[in-house]
Structure formats: structure tokens, C-alpha cells
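Take a moment to look over the fold below before reading on. The text after it goes through some of its parts in turn.

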Amino acid sequence: MVLLLLLLLLLLLPLLLLRLPPPPWAALRQKSPRDARLPWLVGLQHRAALGLLCWTAAWQQRRLEQSTLQAGPSQRRALRRCLQAQRPGRPPGASADMSVFRNHLPLTKACQTEEKECGEQGLPPTSNQYCEEASLQATLLGLAALNRAYPEVLAPGGTARVTPASPWPRPLPWPWHTLGQLSPPGAKDSRALLVEALRSPGLRALEARTAVELLDVFLGLEASVEELAEAIAAGNPGVPLPRRAAELREALEQGPRGLALRLWPELQVVDGGLLPAERRTPQMKRPLAPTGVLGLNLWPEQPGGLYLLPPEGPFIELLPVKEGAQKEAAHTVLLAEAQKGKEYELVLTDRTSHTRCRLGDVVQVVGAYNQCPVVRFICRLSQALSVRGEDIGEDVFSEALGWAVGQWPGAKLLDHGCVESSILDSSEGSAPHYEVFVSLRGLRNLSEENRDKLDHCLQEASPHYKSLRFRGSVGPARVHLVDQGAFRALREALATCPLAPFPPEMPRVLRYRHLAQFLQKRVVS
């Protein structure tokens with residue numbers, strides 16, 4: 001115990017030194033506050049922070065190894081912790097025995113929780129209900145994995161955050177800023193964070209709370225490039241950097257493709273969930289689940305995003321997804337019972353209401369870590385389209401839309417949303433169909449030929465849809481082009497709901513008329 005305290009004191013010594021007031025002669029130096037720190041002290045603090053990270057991450061790694069080697073007992077302990085607090089309304093027979101547990105707590109869907117008022121789907125349990133230990137473990141192991149895959153990212157000044165909220169489940173006060181984090185003190189808005197990032201051409205990583213928020217930041221950058229360039233050239237804030245401002249203007253003149261790598265040539269990671277800059281192109285994908293730490297990304301260098309489902313922390317079950325996604329499976333399985341190649345829907349036990357909630361997130365098991373599954377996110381069941389029972393999943397529709405947009409000359413898909421025609425009453429006198437709203441770059445108008453290509457791609461992607469189209473039971477999909485700010489405004493509207501999580505989960509299929517009409521008013525072609 002004494003040795004542990006001595007080690008901790010040695011690791012914290014550089015931080016204490018940095019907290020001391022500067023010597024009297026420091027005011028004579030004509031340098032910025034960041035340059036005023038002695039290089040040896042900055043290096044010492046960074047090495048101490050990295051050592052502390054490695055030490056604590058190794059401790060968490062040992063805990064993870066022990067729990068994943070005995071996934072069954074670990075999950076039973078997690079279930080007992082989840083049920084040990086006596087809550088009003090808890091079923092009296094609730095038990096850690098799985099058969100009794102399943103009988104007393106039937107499955108419920110996320111959309112069965114009350115949230116109807118704001119027009120978004122019902123909310124699964126929020127992240128503040130999950131164990132703090134799980135959040136801390138995810139952060140420490142994630143940082144350690146990032147350091148192994150991209151060690152330069154955690155060098156001083158190597159990372160910039162461009163949204164006020166962090167992508168990490170448990171941001172640490174220290175050694176957070178020491179391990180590469182670059183952000184102006186007291187910055188509360190994305191613009192100030194973006195200006196600071198633009199001033200630093202040597203960045204290795206960008207952080208944003210989610211991929212869609214990062215997209216909004218880049219769209220704002222394109223819209224206000226002159227304003228940002230003038231602020232950087234004038235030194236507002238900081239030292240004037242006219243050369244960097246000229247580089248910003250030149251990078252924007254070459255168009256949006258490859259913009260991030262022109263602004264930051266050494267960029268390796270775009271962190272909207274610890275995702276690598278695969279093939280030197282920053283990738284952005286949706287995190288595993290919008291409501292908390294369900295999976296650990298221990299392989300940030302792997303494309304597509306791989307997640308380990310840990311047996312401790314939130315109690316997770318897996319519901320087998322049968323073909324058609326509408327058929328109910330007999331019962332759930334535990335993590336150790338998952339089979340490679342199979343697809344499952346995630347089921348989470350809510351610690352507050354003691355309900356077993358189907359999240360609607362579908363994952364595929366691609367491997368194993370000891371006795372626990374390693375999964376890849378596939379789709380959200382709640383985002384399926386069906387006007388005649390055809391059940392077009394989110395992944396199928398997104399793939400078909402990608403094929404169609406690839407045939408539109410010069411077009412780049414920014415965002416999209418769909419509505420079943422019954423929501424807008426637009427199928428009067430015609431067969432039910434899909435209303436599709438797309439936001440594009442590089443194309444201002446959609447020809448009828450381009451609109452028809454989406455319907456052809458959907459028929460190729462789904463034989464059932466093709467059969468319904470051939471019989472005339474389903475009409476052709478109707479495509480509408482909206483302005484580039486439409487989906488950002490929709491997210492802002494969703495965020496104003498007091499019951500909505502942060503950040504709001506972006507629906508691909510709009511189930512409420514007022515949300516569909518919101519996009520309908522932004523149609524430009």
C-alpha cells in the first residue's frame with residue numbers, strides 16, 4: 001500500500017509543479033502561455049500521465065481478462081448487482097436465476113416507453129443509469145488501445161476536440177489535457193474549438209461527440225470559411241497566423257473531398273467512437289448504441305468498428321434475429337452462448353425500472369474474446385420500412401441509396417431520411433410508397449431519371465420489394481432534395497425535447513407527421 005501511494009505521488013508530481021505560480025522572470029519572456037511552460041516540465045508531465053494511463057489500463061485489462069474468462073458467473077454477478085436495490089414496483093419474485101428472471105421480467109421494446117411528445121422513438125435507459133466502473137473501464141482501455149495503434153495521437157497537442165461534449169464515456173480531468181488534448185480554456189461552443197483546431201496543422205486526431213455532429217462542424221466550416229480565416233489571420237484568439245489562414249482558403253477552394261487531410265496532413269484518427277482514418281480517409285460511423293457503454297472498442301485500427309461485449313457493467317442479453325426481423329425468437333441467450341456469424345438484437349436490463357428492454361440495435365458476432373463475443377453493428381430494427389410487409393431494413397435501404405447516389409453525376413450524399421406514405425397521406429389515389437428526403441453536395445436538381453434509379457436499386461436489393469412493385473402493390477419511391485441545413489435543423493429540433501437523450505438519436509425513418517412535414521418544408525427539388 002505504501003509503495004502504491006509513493007508511485008501515485010511520483011506520477012502526480014509534474015501536475016503539482018505545473019500548478020505552482022510562475023517565477024518573476026517568466027513575465028519577461030515574450031511567448032504564448034503554452035510556450036511559457038518549460039519543455040522539460042511538459043515532457044515530464046506527459047511521460048507521467050502516459051505512465052499513469054498504462055498502469056491503470058493494465059489494472060483494468062486484468063479485470064477484463066478475469067471477467068471474460070468466466071463470462072457466465074460474471075454476468076450472474078452483474079445481474080445480482082442490477083437487482084439488489086429494492087425499488088417500488090419491482091416484481092417480488094425477481095431472481096438472479098435466469099429462468100426465473102425471464103419469467104418474471106418479460107421483454108419490452110424501447111418504443112413502448114412513453115416518449116411520444118417530441119416525435120422521436122421511445123428512449124432506452126439512459127447512460128447515467130449504468131455503472132460508473134463500466135464508463136471508466138471503457139475510457140481507460142480505449143485510450144490504451146488508441147495509444148498502441150496510434151501512439152503519436154497522444155503526444156502533446158496531437159488531438160483537438162471540435163464539439164463541447166467529449167466522445168469518451170468518462171472524460172478524465174487529468175491526465176486528459178496532458179495526453180494530447182488541445183482545446184482553449186473555457187471554450188463552450190464548437191466555433192471556438194474549431195478555430196483552435198484550424199490553428200494547428202500538425203494534428204493527428206479530431207474528436208467529436210458523434211459522427212453527425214462532426215459532419216455539422218465541417219458543413220459550418222464550408223459555410224463560414226472567410227469568417228474563420230479572418231479570425232485566424234487576425235489572431236482572434238491567439239497569435240496572428242496569416243499564412244495558416246491562406247492555407248485554409250486554399251484547402252477549401254479545392255472542394256470538400258479530402259478536405260480534412262488537406263487541413264491536417266498528418267491526421268490519423270477521427271474519433272466519433274474511436275474510428276481510424278482508414279486509407280488516409282477519416283471514417284465516421286454510428287457508435288454501437290446511443291445510450292451508454294455497451295461495447296468496448298479495443299481495436300481502433302480495424303475498419304468497420306469491432307466491439308467486445310463485456311460481461312460486467314450493464315446486464316446484456318442477446319435476442320436471436322430470425323429472417324425477416326419480424327419473427328419473435330423463443331428466448332434470449334447470454335454472452336457466452338453467442339454463436340459466430342449469427343445476428344442478435346441487444347437487450348438491456350434497466351436498473352431503475354427493472355425491465356428488460358429491447359434496444360433495437362442488431363449486431364453480428366464476428367469473433368470471440370475469451371468467452372465473450374466480439375460484434376459488429378449491423379442496423380436498427382426500429383428504422384425498417386414496410387408499407388406492405390416487405391420489411392426493408394436500415395442497412396439494406398442505405399446500401400441501395402448508396403448505389404443510386406453513385407449513379408448521380410457529381411453527387412455526394414450528406415444525409416437522408418424516409419417516410420412511409422401513410423404518414424403524409426401522400427398515397428391517396430396511388431399505391432403506398434416511400435417518401436425519401438436526401439441532402440446532397442455537388443447536385444442542385446434531381447432529374448426524373450435520377451429519381452427513378454433509387455427505385456431500381458431497391459428492387460435489386462430486395463426481391464420481396466421487387467415482387468410487390470411488379471404486382472403494383474407498392475408504388476415507386478419518391479425522392480426529394482432538401483437544403484444542406486435541413487437535417488441539422490431537424491437534429492436541433494429533436495434536441496429541444498426535454499426527454500430526448502444527448503445527443504439525440506437521428507432517425508432514418510420518421511414515424512411522426514410533424515417531423516416529416518419539417519423536412520417537406522425544406523425541399524428544394
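The paragraphs below go from a sheet to a strand pair, then to the cores and the cysteines.

This is a predicted model, in which local features need pLDDT of at least 70 and side-chain atom pairs count only at pLDDT 80 or more, while totals for chains, interfaces and linings use all residues. Residues are numbered from 1 along each chain as its sequence is written, and side-chain values use heavy atoms, with hydrogens and water left out.

Start with an open sheet of 3 strands in the order β12-β13-β14, with mixed pairing. Strands (E, at least two residues) and helices (H or I, at least four) are DSSP runs numbered from the N terminus, and two strands pair if DSSP finds at least two bridges between them. Strands β12 (412-420) and β14 (478-482) stand at the edges with a single partner strand each, so one side of each has no neighbour in the sheet. From one strand to the next, the twist averages 25°. Strand β13 (residues 434-441) runs parallel to β14, and 5 bridges join the two. Across this pair, Phe437 stands opposite His480 in β14. Helix α15 (residues 486-495) packs on the sheet and touches β12, β13 and β14; its direction makes about 55° with that of β12. Contact means heavy atoms within 4.5 Å. Angles run from 0 to 180 degrees between N-to-C directions, with axes as lines fitted to C-alpha atoms, for helices over the stretch in contact.

Another pair is formed by β8 (residues 316-320) and β9 (residues 343-349), which run antiparallel and are joined by 5 bridges. Here Leu318 stands opposite Leu346 in β9. Strand β8 is mostly covered, as 4 of its 5 residues are buried; buried means under 20% relative accessible area, exposed over 50%, and partly exposed in between (1.4 Å probe, protein chains only).

Next come the nonpolar cores. A nonpolar core is a set of buried Ala, Val, Leu, Ile, Met, Phe, Trp, Tyr and Cys residues joined through side-chain atoms within 4.5 Å. The largest has 27 residues, of which Leu198, Leu206, Leu221, Leu248 and Trp264 touch the most other members. Two or more residues come from each of α6 (190-198), α7 (211-223), α8 (225-234), α9 (242-253) and α10 (259-263). Beyond its neighbours within four places in sequence, Trp264 has contacts that include Leu198, Leu206, Phe218 and Arg244. A second, separate core of 26 residues includes Ala411, Leu458, Leu468 and Leu481.

How many disulfides does a search of the whole structure find? It finds 0 disulfides, a disulfide being a pair of cysteine sulfur atoms within 2.5 Å. Cys357 is buried, with a relative accessible area of 3%, and Cys418 is buried too, at 1%.
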